[in-house]
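Subject: Handover of a model

Hello,

Here is the structure for you to take over. My notes follow below it.

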Amino acid sequence: MSALLSKGLTVYSIKNVLSLHVFADYFGAKKLHQITKGSTLTATMFQATGEAPGTSGYVNITDLKGGRVGFSAEDSDGSLSAVYVKSLLEMPYNISVIQISHILSSPEAEAPASAPTGKNVTGLMTQKDCKAFADLLISSGADVTFIQNSDGGLTVFCPTDTVVTAFMPKYKNLTAAGKASLLLYHGVPVYQSMGMLRSNNGLMNTLATEGPNKYDFTIQNDGEDVKLETKAATAKIVATLIDAEPLAIYKIDKVLLPRELFKPAPSAHAPKGEAAAADAPGPASDDEDPADQTASDSNGVVRIGGGRSVVSVVFGFCIGGVLAFV
């Protein structure tokens, strides 16, 4: 690692170099010595970030004479600057950690990279039929939390202006704490592209989640549609405002109603009396804290991440120290 640190790269350039050492495919010791046709190109996390132009985020792996295996970045001078040393951990076919002899050198990964700039989240909403929701964020002060999360990863589900206008009578009936929780409930503190949302069904924590107050909802795919189910309402994504890691903003056709604040929606076969009760708005006055009206946490779904993730190879460089300050 000293060879990398001695180059005086910015933290963000070092991050790009390290991401070049994480493969989007599984390579254990056996697979490394049985490469079809003796050589292969594999994509890396650097390629997946979109920061790598062309194929510069790929790594060449070649089976060499004498049982050695060589590695080189695709945009390097072509020399296999690193060779396989040993396997540190293998969990077929989910993840393996292998040690190589040297850092992989890549001009593109090492190019000067500046810090990401904070995006004007509410400004983006205002321009795209989400002005009413953006105004609520600003007036409540919740916009600060959204902005603080925009660099580290943020997904926002923004109800359209028409939807928010129709919902305002119920919104005004919430306590101050309930209003804040409702607004934060529309943000997820991780970046989720449309592809990620379509491939992952399950629970999603939100910016409103705190300890026993779950404030989560379920992602449920229906063909090409992505639906957000909250027990009290089901909303559908109708448009993408921005999808550029680390920020994604999607337009939805309903306000998300957390079960902590609103009664569960009736089932399709519920008696009329139950349906009428479920249609009632949230708390009736500011004397009552809606966050105390917590419904059952049992929702019979599996959290995102329960399925198999994309397998990757991480090279063992004892990189904990570098990652700590990245």
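What covers the buried residues of α10? The cover includes α7 (131-140), α8 (143-149), α9 and β8. Buried means under 20% relative accessible area, exposed over 50% and partly exposed in between, with a 1.4 Å probe and protein chains only. In α10, the buried residues are Gly178, Ser181, Leu182, Leu183 and Leu184.

Some ground rules. This is a predicted model: local features need pLDDT of at least 70, side-chain atom pairs count only at pLDDT 80 or more, and totals for chains, interfaces and linings use all residues. Residues are numbered from 1 along each chain as its sequence is written, and side-chain values use heavy atoms, with hydrogens and water left out.

Overview

The chain has 13 helices and 14 strands. Both are DSSP runs numbered from the N terminus: helices are H or I with at least four residues, strands are E with at least two. Of the 326 residues, 42% are buried. Take the contacts with a separation of 6 or more: 62% of them are between residues 24 or more positions apart. Contact means heavy atoms within 4.5 Å.

Helix packing

Two packed helices are described by the angle between their axes and the distance between the axes. Helix α9 (residues 161-172) packs against helix α10 (residues 176-184) at about 140°, with the axes 10 Å apart. Axes are lines fitted to C-alpha atoms, for helices over the stretch in contact, and angles run from 0 to 180 degrees between N-to-C directions. That angle makes α9 oblique to α10. The classes are: under 35 degrees roughly parallel, over 145 roughly antiparallel, 65 to 115 roughly perpendicular, the rest oblique. On α9, the contact uses Phe167, Tyr171 and Lys172; on α10, Lys179, Leu182 and Leu183. These residues divide into four nonpolar, no polar and two charged. Here Ala, Val, Leu, Ile, Met, Phe, Trp, Tyr, Cys and Pro count as nonpolar, Asp, Glu, Lys and Arg as charged, and the others, Gly among them, as polar.

Strands

Seven strands form an open, mixed sheet in the order β8-β7-β13-β12-β11-β10-β9. Its edge strands are β8 (187-188) and β9 (202-204), each pairing on one side only. Two strands pair if DSSP finds at least two bridges between them. Strands β12 (residues 234-244) and β13 (residues 247-252) run antiparallel and are joined by six bridges. Asp243 stands opposite Ala248 in β13.

Strands β5 and β6 also run antiparallel, with six bridges. A hairpin of three residues joins β5 to β6. Lys86 stands opposite Gln99 in β6.

Aromatic pairs

The whole structure holds seven aromatic pairs. Rings of Phe, Tyr and Trp (its six-membered ring) pair if their centres lie within 6.5 Å; planes under 30 degrees apart are stacked, over 60 edge-to-face, the rest tilted.

Tyr26 and Tyr93 are edge-to-face, at 5.1 Å centre to centre and 75° between the planes. Tyr26 sits in the loop between β1 (22-23) and α3 (29-32), and Tyr93 in the loop between β5 (82-91) and β6 (95-100), so the pair ties together parts 67 residues apart in sequence. Tyr26 is buried at 5% relative accessibility, whereas Tyr93 is exposed at 57%.

Phe157 and Tyr250 are stacked, at 5.9 Å centre to centre and 25° between the planes. Phe157 lies in strand β7 (residues 154-159) and Tyr250 in β13, so this pair ties together parts 93 residues apart in sequence. Both residues, Phe157 and Tyr250, are buried. Ring pairs link Phe157, Tyr185, Tyr215, Phe217 and Tyr250 into a cluster.

Best regards
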